[in-house]
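This report examines one protein chain, from its overall form to a single residue. Please look at the sequence and the structure before reading on.

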Amino acid sequence: MPLHTVKKQDTAGAADVYTTEVSDQRLPKYRMPENSSSPRDIYNLVHDELLLDGNSRQNLATFCTTWSEPEARQLMAESIDKNMIDKDEYPQTAEIEKRCVHMIADLFHSPAAQTTVGCSTTGSSEACMLGGLAAKWRWKKKRIAAGKPYDKPNFVCGPVQICWDKFARYFDVEIRQVPLKGDALGLRPEDLRQYCDENTICVVATLGVTFTGVYEPVAALAKELDEMEKDLGFDIGIHVDAASGGFIAPFVQKNLIWDFQIERVKSISASGHKYGLAPLGVGWVIWRDTDQLPQELIFNVDYLGGQMPTFALNFSRPAGQIITQYYDFLRLGREGYTKIQQACADTAQWLAAEIAKLGPLELVYDGKDALPLVCYKLKDGQDHGFTLYDLSERVRLRGWLIASYPLPADRGQTIIQRILIRHGVSRDLAQLLLDDLSKAIKHLKENPVPHSVAGPTFHH
Ligand SMILES: *Cc1c(COP(=O)(O)O)cnc(C)c1O
């Protein structure tokens, strides 16, 4: 019988994916279906549903990696089944994690880079919690040794990322967030005396404030803490939250002293998945030397028949991100990181200069001397007929995702907008965005948004 006369039922494999039984229905939302379906059909439907997400490459609100080399993707796929905690079963993965720790410790100028302790985490949030916990235990042990109470720990910081509010609440430590005064965008040395006391477990300095990208002056903060130790007797260490700056400053601001070169810096955390260029799901925390991580916090897991010390909030964790971080270090080297981060910095500064020319926008941070990003506000004292929220919405029509938000602390009334430049945001993409911003502003000027007259807080 010739093929064109054969009549058989559509099997899942043969039917067009949009003519199968499952593609005829809405996908379940509350109950697992009774029956199985073909992987091809379900893949297709789930894949299509995700079309409604924003396009990550146009998401200029995120610091996180949105572009990876094919080889990085391949290593991620090959490691999908590897659990980071199974150090006995996957000793080479454990070895790779250790190598990353020492390379980062060296990058951050640890005086004991080859022997110090550190670990991978799921991101900077977990890394900050571990850094904060170690500081709490160091303080607690000193207080016990001195026969003093240890029930009211606090830490002092500027405009921190939300993970520090979490640390404060989850681990019962008072957060003393210094409000921004005048035109300050971060913690200043002169703020410290008023906020620190004998119960201060550490000062958190942010290298790359989330809201504006600026670096807090770690060396100057340390110097003030030295003075305070002389005058008041409190020996307070610093944890540097270098979530973003940890992989920018060593390559772009090579002469800036912010890391373990400063004696008072006891621990540093950084996000591998931000400017570390690794795929989502990895952060790092490194201690200056082994003495800074209290033994009480370390648990031992089996490792090649021996014991491996671990300090983490999680147990099982994917290993691919760590393996890929190692790939990035080897493949790019310092040369590659420098070129990528410098290209981002150049583009950010170029974009800042162009944004300043658009008219209604005033730069708050111009991409120089800190993270490769731009942030700006609407010029004061004018009715522009629109808010930055309106502008965000307008450029979203072209797929751009740009964050607008109020500056924290004292300057809660100032609304700013921030554009991140990272690996994969080329000069051409930045130019396309600029054209769209310019068109959006022109449109909004010609078509003022009535609700904006009441001010940005009303809209918010
Ligand atoms: C992003 C960020 C964090 C949180 O990092 P994750 O890797 O997203 O957990 C903490 N601190 C700062 C300063 C950040 O920018």
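The model is predicted: local features need pLDDT of at least 70 and side-chain atom pairs count only at pLDDT 80 or more, while totals for chains, interfaces and linings use all residues. Residues are numbered from 1 along each chain as its sequence is written, and side-chain values use heavy atoms, with hydrogens and water left out.

**The whole chain**

The protein chain has twelve helices and 13 strands; helices (H or I, at least four residues) and strands (E, at least two) are DSSP runs, numbered from the N terminus. Along the principal axes, the C-alpha atoms fill a box of roughly 95 × 70 × 45 Å. Of the 460 residues, 52% are buried, a term that means under 20% relative accessible area, with exposed meaning over 50% and partly exposed lying in between (1.4 Å probe, protein chains only).

The chain exposes about 22900 Å², of which carbon and sulfur atoms supply 53%; accessible areas come from the Shrake-Rupley method with a 1.4 Å probe, and for residues only the protein chains shown count as cover. A contact means heavy atoms within 4.5 Å. Among contacts between residues at least 6 apart in sequence, 71% join residues at least 24 apart.

**The sheet**

Seven strands form an open sheet of mixed pairing, in the order E1-E7-E6-E5-E4-E2-E3; two strands pair if DSSP finds at least two bridges between them. Strands E1 and E3 are the edge strands, and each pairs on one side only. From one strand to the next, the twist averages 20°.

| Strand | Residues |
|---|---|
| E1 | residues 118–121 |
| E3 | residues 174–177 |
| E4 | residues 200–206 |
| E5 | residues 238–241 |
| E6 | residues 265–271 |

Strands E5 and E6 run parallel and are joined by four bridges. The bridge partner of His239 is Ser267 in E6. Helix H7 (residues 218–232) lies across strands E4, E5 and E6, running at about 165° to E5. Axes are lines fitted to C-alpha atoms, for helices over the stretch in contact, and angles run from 0 to 180 degrees between N-to-C directions.

**One residue**

Ala356 is found in helix H9 (residues 320–356). Is Ala356 buried or partly exposed? With a relative accessible area of 37%, Ala356 is partly exposed. Not counting residues up to four places away in sequence, Ala356 touches Leu361 and Leu363. The C-alpha atoms of Ala356 and Asn447 are separated by 22 Å, and the two residues are 91 apart along the chain.
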